[in-house]
Amino acid sequence: MKKLKSLGLVSVALLSVSIALTGCGTGSKTESSPAASGAANGSTPAASTAASATPKADGGKVTITIGAYSILKESFDVILPKFKEAYKKKTGVTVEFNESYVASGSQATAIIQGFEADIAPLSLEGDIQKIVEKGLITNDWKKNQFKGFVTGSITAIGVREGNPKGIKDWVDLTKPGVEVLIPNPSTSGGAKWDINGLYGAGLKASEAATGKQDPAAAKDLLAKVYKNIKVLDKSGADSLATFDKGVGDAIITYENELISRIQSGKKYVEVIPNYTTSIENPVAIVDKYVDKHGNREAVQAFYDYLFSVDAQTVFAEKGFRSVLPEVAKKYEKNYTTPAGLFNIDYLGGWDKVNKELYGKGAIWETVLAEGGAK
């Protein structure tokens, strides 16, 4: 019997979304976001609930609240102090940060329901778009030269030292006795990229064999891997934490997370499937909250800094593929680009993917229902 496995059909509104607001300044503290509590209870937080996260310029200080997806924390632990130092030197203003890191879908929901994040670096374009549709982002968030995408990666497979199960490609995850970890796409943007990579690989393989995409074959591959899934955690970070505890033989995750862990001494091996998807992670300023807080100058400066050589170098050192050509060139030796790499356009774009792969009664929900509890 597979304990810990979830069917992932529970509404995000019923999840316990624990959002930590960690101030980077001296004397700041960690606390639960009231907005997150409201989200968990399915209620709309009152304006006062985000008071502890309301940034205001005051006597040479300004606070910026970040609502990010979980995987970014390690990179931001390095980037935020660098920005604070640069901004202080340039303007004389001290920046303090409130930071929240949870699964991308949960983060978007919290922001919509009243968590007053000034800037949202998330995993999926669709999560940003949900905030746009609620009228909280009013600028064209894709207007910069990178179309609003601040980091890149690919979907890969992580295995234990020595690769004891002999995993070389997606199909090997269907073998009897192979325990697989992947986060839950109902809460995790990273999980959607992971499943996109797996499902798209099925389409690619069928196309190579028959000359055309076969959705049934792609679904079959997805279903067979699902039968071996040990745990569906709520976020990519939680999934990796479970893998770190020794659970599972393989994990489907972002390449950058595997690189980062290997660099830190974890005895993991990265397996890059022949067919897999490229990943693009967006960032946007949440205009309504920034206008309320009156800190646009500092928030815009931080947004711009994320695309600087300094910040992009940190991302690259943490395993991301940089959006800056000069940084990407410098670190290209760290990455392997498989011949069968595809992007979201190959799957028809996010509108089609969200409807046909993740929508109500769509492919993923069908796989869950047919797979049954393990």
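Of the 374 residues in the chain, 55% are buried, where buried denotes under 20% relative accessible area, exposed over 50%, and partly exposed the range in between (1.4 Å probe, protein chains only). The structure is a predicted model, in which local features need pLDDT of at least 70 and side-chain atom pairs count only at pLDDT 80 or more, while totals for chains, interfaces and linings use all residues. Residues are numbered from 1 along each chain as its sequence is written, and side-chain values use heavy atoms, with hydrogens and water left out.

The chain contains 14 helices and 13 strands; these are DSSP runs numbered from the N terminus, helices being H or I with at least four residues and strands E with at least two. Contacts are defined by heavy atoms within 4.5 Å. Among contacts between residues at least 6 apart in sequence, 75% join residues at least 24 apart. The accessible surface of the chain is about 15,900 Å², and 51% of this area belongs to carbon and sulfur atoms; accessible areas come from the Shrake-Rupley method with a 1.4 Å probe, and for residues only the protein chains shown count as cover.

Helix 5 (residues 189–210) has 22 residues and reaches 31 Å from its first C-alpha to its last, close to the 32 Å expected at 1.5 Å a residue. The expected span is 1.5 Å times one less than the number of residues. Because 17 of its 22 residues are buried, helix 5 is largely enclosed by the rest of the structure. At its start, a side-chain oxygen of Ser188 reaches to within 3.2 Å of the backbone nitrogen of Gly190. Gly211, with a positive phi near 90°, follows the helix.

The buried residues of helix 6 include Ala218, Leu221 and Leu222. Their cover includes helix 5, strand 8 (229–233), strand 9 (250–254) and helix 14 (363–371).

Ser123 is located in the loop between strand 5 (119–121) and helix 4. This residue is buried, with a relative accessible area of 0%. Beyond residues up to four places away in sequence, Ser123 touches several others, including Tyr69, Gly189, Trp193 and Glu280. The side chain of Ser123 also makes a polar contact with the side chain of Tyr254 at 2.4 Å. A polar contact is a pair of N or O atoms within 3.5 Å; within protein, one must be able to donate a hydrogen and the other to accept it, and residues adjacent in sequence count only if both atoms are side-chain atoms.

Most residues other than glycine have a negative phi. Lys147, however, has a positive phi near 60° and is found in the loop between helix 4 (125–133) and strand 6 (149–160). With 54% relative accessibility, Lys147 counts as exposed. Asn163 likewise has a positive phi, near 50°, and is found in the loop between strand 6 and strand 7 (180–183).
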